[in-house]
Structure formats: structure tokens, C-alpha cells
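What does the fold look like, chain by chain?

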Amino acid sequence: MARNARRKRPVRSANPGANPPAGTGGAASAVQAAAPDPALRPFALVPGLAHLMLGRRRRGFHLLFFTLFLLLVVVVRWRAFTDGFSSPALDEWIATRFILTALAACVLFSFLDVHRLTSEQLDAAAAIAKGKSPFRVAIRRFGENKLAVAALYLIVLFYLVAILAPLLAPYDPAAIENPTETQYLGPSLQHLFGTDEFGRDLFSRAVFGARVSLAVGLLAVLVAVTFGTVFGSLAGYFGGVLDNVLMRIVDVIIAIPTFFLLLTLVGVFEANLLALVLILGFTSWTGTARFIRGEILSLKEREFIEAARAIGLPHRLVIFRHLIPNALAPVLVSAALMVGGMIGAEAGLSFLGIGIRPPTPSWGNMMSGGQDALLTYWWIALFPGLLLSSTILAFNLLADGLRDALDPKTLMRRYV
Amino acid sequence: MARFFAKRILQAVPLLFGIATLTFFIIHLAPGDPMDMYLEPRMQRQMDPEVIELIRQKYGLDQPVHVQYVKWLGNLAQGDLGESFRHRRPVASLIAERVPYTLQLAILALLFDALVGIALGIFSAVKQYSLVDKGVTVGSLVIYSVPGFWLALMLVIVFSVNLGWFPTSQTRSLDYEFLSLAGKIGDRLWHLVLPVFVLGVAQAAGTARYMRNRLLEVLSEEYVVAARARGLRERTVILKHALRNAMIPILTIYGMSLPFLLGGAVLIEKVFAWPGLGLLGVEAVGGRDYPVIMATMMMGAVLVILGNLMADVTYAIVDPRISLDGKKRTA
Amino acid sequence: MALLRVEELATYFFLDEGELRAVDDVTFEVNEGETVALVGESGCGKTIVAMSILDLVPWPGQIVRGKILFRHEDLRRVTREKLRQSRGGEIGMVFQEPGAALNPVYPIGRQMSEVLQLHRGMSRHEADREAVRVLGGVGIPEPEKRVNAYPFELSGGMRQRAVIAIATCTRPRLLIADEPTTALDVTVQAEILDLMRHLQAQYNMATLLITHDLGVVAEMAQRMLVMYTGKLFELGRTQDLFDDPKHPYTQGLLHSVPRLGAGRDDPLTGIPGAVPDLLQLPGGCTFHPRCKLSDEECVDEFPSMRTLPYGRVCACYKVKDR
């Protein structure tokens, strides 16, 4: 979508640097424009600053943003940060060490990258070749899709929040103190998202809830994609009886309404977090399996596979070597889409009270209290739902951006 | 035609067999005594162990799993789904009572989806890059991303609790029995508005996106250019030549969207206390009512298979190149 | 007098990668009843010329300047409604792929009667009957049955007959045929060309025939235009161009086709090199890197059109006015 939109403004492509055209000179002129000046190197100690001065605006901005975000957390939550440092709890240990490591990594990367940019005069031809590699083109296209970049930012931000939860949450998410006084308080400066029936701070619960949602989403997709790839490859490569059996299993799973199956499995097995991940993965691998199987079957038909066989190359090697680049893009896109679906499914199950069980907070189970309370005290459901929706939206936008960036159809030349 | 249906039903048998098998083993792999399938654990504790042993024998639970499996399948083949121990009634009658509610919801949601989703998709594609198009593409992605149950909660808070326009839940008003026939229908529709909207709007968002892309693809086909070159009006070109071709794969999507629709209905039925198949399933899982759990899964699968069958039939009607046996004929 | 006069037509495609000049400064005429062939290698902008005449250039392409005078009226200036009536009414179009130009989900008879209803104001019933008659007229056997046939049920040759029938059922003044025989078997090609000639005589219809097949040109066209990289290189009577090609490109084109009666002293040579990328055209004469006559004169600016005797026009520095 974004790529087509850009075609509408032909004038922009005439502007070098801002939008390097794929033709000659584009990538090269961008490199030359950034006159490498080694004197800028000390500025790299503030991550991103030297990049900005070198004209590498995008990279500089990203570096600066994340460094500032991490520093902001440290400054604003200084007490929690110093307390966390001496705390014996694992969560705090991870969060504090993570901040330090991440800051160090930002500085180190910034410094090394600036060093590289200023020291070697990049060979223009090599730069063009590099700028034209499919991977680079995809990254550049993705970078030009503002919506997708914003989505990626949001996702990274949410993951940072999840990791730094113990530093960010102002209250203990599970603490129940004197509920009659603090019960059902509306949003205020003390309690940004209000409190629930036990007087727990919903903001703190939401911060910790991010951990469950994000972890479940990512891990479940990992399980599903691994499962699907393995089964799809086995079915497609070996064919015959194995293929038949595996594909009939796929048919069975597809025929049962997914959420019914999830509901039953999670309910019957009284799943914990790990089991939930496995079950979500188990119910969602069918699409990937079908796709991979189809790819292998069509690869088997191709002439170059025959040719490889004819000259004695192992058939299997050629298939899998060609499978990976062909299948990577669609699998990546569908994985990003699946993460959103998984997060939604987890929230739904937890909302029904059978997914993640209290007192562990998750965005879904924060809404699983009594229906009357949910309808009366609107803030209880509003904030977790907003977080949930924006996370899923971000993953969907990411998938869209990936699809556009990785789309092999680049030019419309049918009529020319 | 008759042969086609006979063939499809025969094809569905092994699928149903597979689903039944999967269901059986899921339940039997569940932690705990399989006796729980027939009698609630709470009751077992209050009973004489000898009586329990008798019941065990009566239901064949003392026999090895494979014997039980064959027996269960035999009952299933005869249409015997067992008895719910929560409701103390045959599961079949329970299901028969609930299915119409789910179907009302699903069919109306599909209708909403078809009308709104397709219309928006067409509009968006025809006015590509206009403000409306951008609104539809972004809006549909947002709607698509919002969990239905949460949207339902928010709509109930706004429209039912605060504005009082629609009922918060249930299928009928308290005075339902005293209404005339028209009044009864109106009352039911009034209760259906929010659940149907929530269920349909997410579907419509997906349809609009798909329809837009599909129509844009078709609009660049040569026969569309050819139709324009023949001087046909733009309206004819789009609504007659492009649309019919763009619609064909949408039908398959409808067939395949049924599992999602039924699955999505679970949460919506829960929010609106709508007594359909989904709510039955949720209650059964909550109450460990195993026979009902198994039956809802089977029933969901049957509905999905029927939905796919219907999609295939419509596909064959709409696309002359497709014969009912699903083969694509080309010259 | 000219039925169609295309003046300094330029159609560009605005792509991410830059401005693609698919048609650049093309001028020609088609007279009443005459067949003019538009010749060139694939990708030289022939189809875009045809698309431009009917204002059907696919996005992101755009006509940037020029006039398209059809019966003295500039089609770029008439109302959309008038243009729509010209399309299919006074100007018919035949496409390269008969399979792709027919809507797969409607019977061919329906697709024709639709046009008849629109342009000849027939009722549905009349149009359906006329469709049978027209299909029979283009040599489709058993037209009463075939009107209800779907495109996929017909062979390639039959489909092209149907496409031609649809394009000519309104008795247009001008038929634009874009590679009408390229996708067909050789034996069928001749039949289709015969059919076109027959219809042309019957309706006194002019034809703009787009093709890369010089055999077809020799057989069909009174005059021909040679295009290369979106630019017009040479224009003149077919016989003159075949006998004495002036432009080095035309010479190369003619020498890459075997001709009956050519002796050993007239070998097949072809043209060295390849058609350049339209986004990265060489400066000056776009043909100069492949031209054996080129020198420094050719590098800077595209040569202007030189007018030669017998309405002949040629764009080459090496062709001197005589």
C-alpha cells in the first residue's frame, strides 16, 4: 500500500538522498553526501548524536530515542532502580542489569558504527551492490513505511516495559491491602488506571500483564511455526503415506472451530503458562504446515531441481536451500499476524477465567471479574483492552509492513 | 447434484471420525479419573465405593481404553451423545436447543459482514488513495485488531449502561411472553443488535480489506481494460465485469471464516449471556461436563463442514469454470 | 483526409525508480479505410500508443501532452461521456490475448449483446439475435450454440474471432488491433488476418495494426510506422520501407527476418546489443549504442524528423534530405 502511494508523487524520487532510487548513483551519492569526518567520533559517546551529525538521521534517531528512554526510566524511577539493584528477587536483578547492558550496548554500537562510517571510504560500487541486495532493499522499504516503523517502535517499547516491569510498576500488582478503602477507585494520579475490586493498582497490573501477553504471543508463534515447518517439510518431502496422514490431521484440526478446541484443551488440562503456550502453538501450526508443504511440492516440480539431480547434487540439499529464501518472507509475515492472534486468544481465554489464572495478572484476566463490576467501573476493562488492541494492531501493521517490504513484485511493466 | 452431495457426505465421514477420535483422546488424556466423565467428582466422594464400582462397570470404565473408545464411537454413530451430568438431560436435546441461537447470531453476522464489508471494499478499491480509501484501510485494520469481547464490553458500557439504547444481555425482555408476534420478533432483533454488530464488524473489516485487494487485482486484468475499451459505463465495468470475478474467492473465504465466526461467538455469547453453542461450551468446560464438551466440539465441526459444503456449491454456481466436483476446467 | 491524427503524443509512467517515457513525441495519421502498421520490438511502447488513443493507459501512466484527433475532434478534450461512446462505438479494439480480453464468467454472446445494447440501442432480445448473426459472420460454426459458450470452452482461434466480432459489431470507423495474431498458431493466424481484411472491406474500416511480425505488415498494411524506445523512427509506405529502409534501425529490423528470394549476398544480420532499459535510456539518439553508423553527432540530441518524398518521415542524422 505504502509503496504504491509513493508512486503517486513522482517528484520525490527526483530528490536524491531522501529517497534513493534503485538506479545508478542513488546509494553511492548517499554515501558520499555523508562526508566522513573522524573528528565527529567523540560525539558517538552520546548514542545517535554522531549519526545525526553525519546525516544518518534514521539510525541516529533510533539510537537516541532508546538511550533516552532507558535513561528516563532510571532517572524517574531512581529509588526503584537502586533498590532493585540490591534486591534478591530475580525479576529486579534482570531488569536492572538489562538497563545497564542495553545502555552500554547503545554506546558501544554507536561508537563502532561511527568509527566504521568515518574511517573507511566505502567503495562506491560495493555500496551500490550492497544497497541492491534484496535484504537491504527490504529494510529500506520497511524503513520508508512510517506506519510499520511506528508499529515496530510500539512493540519494542512494550517488550521493554515487560522486561522492566518491576522498575516501572509503582505498586505491587498482587498486593491486597485494605480493599474497602482502595476498592474501585477511578483513574487518578495515584492510580493511573484506577483500582479493581481488591484495591489493586491496575496500572501496575497492566505493566506486569504485558509480560504474560507478550511472552505467550511470541512463544506460541515460535511453537506453531516450528511445528508447522517440521510437519510441512516432512509431508512435502517424503510424500506418500506420511503426507496423507499428516494432511488428514491438518484437516481435522482445521474443521474444529479454533476457539472451541482451545477452550476444551485449556479447560480440560487446566493449563499453566507453559501448557497454554504449547496448546496455542498446537492449534495454530496448520497454516504454516500447508504452506511449507505446498512450497516443497512446487519446488520438486521445478526444472532446476531436476537439473541438480541430473548432475548428481543431492536433491534434498537443493530443495531446502531454495525453500528457505522462498518461504522465509511469507512465513515471517504470517508469524507476525499470528502473534496478534495468539495474544488475542490468550486474552479471550483468560477473560473466560480458564487461561492465565489470578493472582498472576494478564491483560485478559484483568477483565475477568464479575460482569456487573466491569460494566459499572468502566476503567477496569478500558485500559487493558486498549493495551491489548494496540499491541495486536501493532503486530498487524508490522505484518503489513513486512509484506510490502518483502513483496517481490516491484515494477509494473506489463503494458510497457 | 445428488451424486455430488452423496460424495461429499461420504468424504465427511472420515473427517468426523477423526474429530471424534481427537475429542475422545483429549478427554481421556485429561488428568484425573475417567470416571469423572460420567459422574461429578463431588458426588463420587459422597457415595459408597461399591456403588461407584457398579457404575464403573455399567459404563464400561473397568475395561481398557480401546474398548471404551469403540463403544463410544458406536454410540456416537447411533446419534447417542450421552447425558449431561450438569443438566441431567441427553446432550443431543441440549445441543438442539442451543444451535438455533448460535445460528441466528452467525447468519446475521455473516449478512452484516457481506453487506458492509463488500460495499466498503468496493468503494475503497474504486476510490483508491482517496480519503475514504485510507479511512477504510486503516479503520478496518484497527477494527480487525480489537478483541471482540472487549469491543462488546465497551459498547455495552456506552450504549446499554449509559445510554440505555440496547439491552445489556440475554435474548429477550422480561415481558417477552406478553408481546405480539411482531413484538416478539422486534424484541429478539433488539437483543441481537449489539452481539451481531460486534461479531459482524470484525468479519466485515477482514472482508473489506480482502475485497479491496482482490478488486484492485481484477481491475488491472485485461478483460476489465477490454470492457472499458468497448465503451461500457464505469459502473457496468465495476459492478458487472470486475465484481463477479472478484467475488469468487470471497466465497471460499466465507466458507473458511465459519470456524472463526463460531469461535468468536464463544466470547460474544459469554459477554451477552447469549445461550448458544459457545456459551454451552464455556459452561461445560467450567463445570467439567465432559459429554457436553465433546458434543459441542463435534457440533462445531459439523457446522464447519456444512459451511464449507455450502461455499463449494455457491462457488460452482458463480464460477462457470468450476464444476461441482471441484475441478477447474480450462481450454 | 485523416480519420485519426496523433500529434506529438507523450505518455509517461511515473514509477518509484523515475519517469519512464513509454511514448515520447509520436506523430502519425490513419486515413479512412487504410491499414497502418505500428512496428517495433516488444517494450517499445506500441501498446501504450493504442492505450493512449482510447485513454486507457494503466496507472501510474499518464498522457503528458499531445493531441489525439479523431474525425477532427481531440479525444483528450471531449467529455468523458463522448469519449466513452467513441470507445467501442467508433473505435474498436482487439487485444493480443483473446483469452485474457474476454470476461471468464460470462458467455461470449452476453459480452457482445451488452455492447450492441449500449452502442446500437438494441433491446436485449434484438441484441441476442444480432449476436448470433455477428458470430456466424466471423466464421464461428454453430453460432446459435456458441453464443452461450464461456470463453474457456472455446479454442484460441475461436476466442479471437469472438473478440474481433465484439470489437466490430458496432461497425466502428477505426479498429485498433494489438498483436491480434501473436498468441495464435500459425495456421490460425492466416485465418484471423483474412477475417480482418474481410471485415475491413465490408465496413470500410481503418485499422491500426500493432505487431512485431514484419510478415503480417507486408501482407496487411499500406503504410507502416517503426518505433523504438517510445520514439518514432521511421514512417512511410510499406512498400517503400521494405524496398529501401532509410533508418539504420529499420534496416536492422528488416535484415533480421528471413525473406523469400533473398540471395547469399543478403545474409540475416540482426541488430547487435539489446533494447535498453526505458528508465536508463542512452542520451541523444536512443539507438546510437547499437547503430553501426553512429558517431559523436548522435550522442547529444535526439534527431529531429526529416521529411522525405512520398510522405516519408525518418529520424536519423545519417539520412540526408534528398
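B:Ile9 is exposed, because 12 other C-beta atoms lie within 10 Å. The classes rest on counts of other C-beta atoms, placed from the backbone, within 10 Å of a residue's own: 20 or more is buried, 12 or fewer is exposed, and in between is partly exposed. B:Ile9 sits in helix H1 of chain B. B:Leu179 is 170 residues away from B:Ile9 in sequence and 42 Å away in space, C-alpha to C-alpha.

This is a predicted model, in which local features need pLDDT of at least 70, side-chain atom pairs count only at pLDDT 80 or more, and totals for chains, interfaces and linings use all residues. Residues are numbered from 1 along each chain as its sequence is written, while chains are lettered from A and ligands numbered from 1 in the order in which they are written.

Chain B holds 12 helices and 2 strands. Both are DSSP runs numbered from the N terminus: helices are H or I, at least four residues, and strands are E, at least two. In sequence order the pattern is α-α-α-α-β-β-α-α-α-α-α-α-α-α. The C-alpha trace of chain B spans about 85 × 60 × 40 Å along its principal axes. Chain B has 331 residues, and 38% of them count as buried. Of the contacts in chain B between residues at least 6 apart in sequence, 69% join residues at least 24 apart. A contact here is two residues whose C-beta atoms, placed from the backbone, lie within 7 Å.

Chain B also touches chain A. The contact takes 41 residues from chain B and 38 residues from chain A. On the chain B side, the elements giving two or more residues are helices H1 (2–29), H6 (131–145), H7 (148–162), H10 (234–271), H11 (277–286) and H12 (290–318). H10(B) gives the most, with 8 residues. That side of chain B divides into 31 nonpolar, 9 polar and 1 charged. Nonpolar covers Ala, Val, Leu, Ile, Met, Phe, Trp, Tyr, Cys and Pro; charged covers Asp, Glu, Lys and Arg; the others, Gly among them, are polar.

**A helix in chain A**

Helix H17 (residues 286–301) of chain A has 16 residues, which should span 22 Å at 1.5 Å a residue; its end C-alpha atoms are 23 Å apart, so the two agree. The expected span is 1.5 Å times one less than the number of residues. The buried residues of H17(A) include A:Ala289, A:Ile292, A:Arg293 and A:Ile296. Among the elements covering the buried residues of H17(A) are helices H13 (202–238), H14 (240–255), H18 (303–310) and H19 (315–351) of chain A.

**Two sheets in chain C**

In one open sheet, 4 strands of chain C run in the order S2-S1-S4-S5, with antiparallel pairing. Strands pair if DSSP finds at least two bridges between them. The edge strands are S2 (18–31) and S5 of chain C, each pairing on one side only. S4(C) and S5(C) form a hairpin with 2 residues between them, and C:Arg71 in the turn has a positive phi of about 50°.

The other open sheet has 8 strands of chain C in the order S6-S7-S8-S3-S9-S10-S12-S11, and its pairing is mixed. Its edge strands are S6 (91–94) and S11 (306–308) of chain C. The twist averages 20° from one strand to the next.

| Strand pair | Bridges | Opposite residues |
|---|---|---|
| S1 (2–15) and S4 (61–70) of chain C | 8 bridges | C:Val6 and C:Ile68 |
| S4(C) and S5 (73–74) of chain C | 2 bridges | C:Leu69 and C:Asp74 |
| S10 (231–237) and S12 (312–314) of chain C | 2 bridges | C:Glu234 and C:Cys314 |

**Positive phi in chain C**

Most residues other than glycine have a negative phi. C:Asp25 has a positive phi near 60°. C:Asp25 lies in strand S2 of chain C, and counts as partly exposed because 18 C-beta neighbours lie inside 10 Å. Phi of C:Tyr310 is also positive, near 60°. C:Tyr310 lies in the loop between S11 and S12 of chain C. Is C:Tyr310 buried or exposed? C:Tyr310 is exposed, because 8 other C-beta atoms lie within 10 Å.

Methods
Axes are lines fitted to C-alpha atoms, for helices over the stretch in contact, and angles run from 0 to 180 degrees between N-to-C directions.
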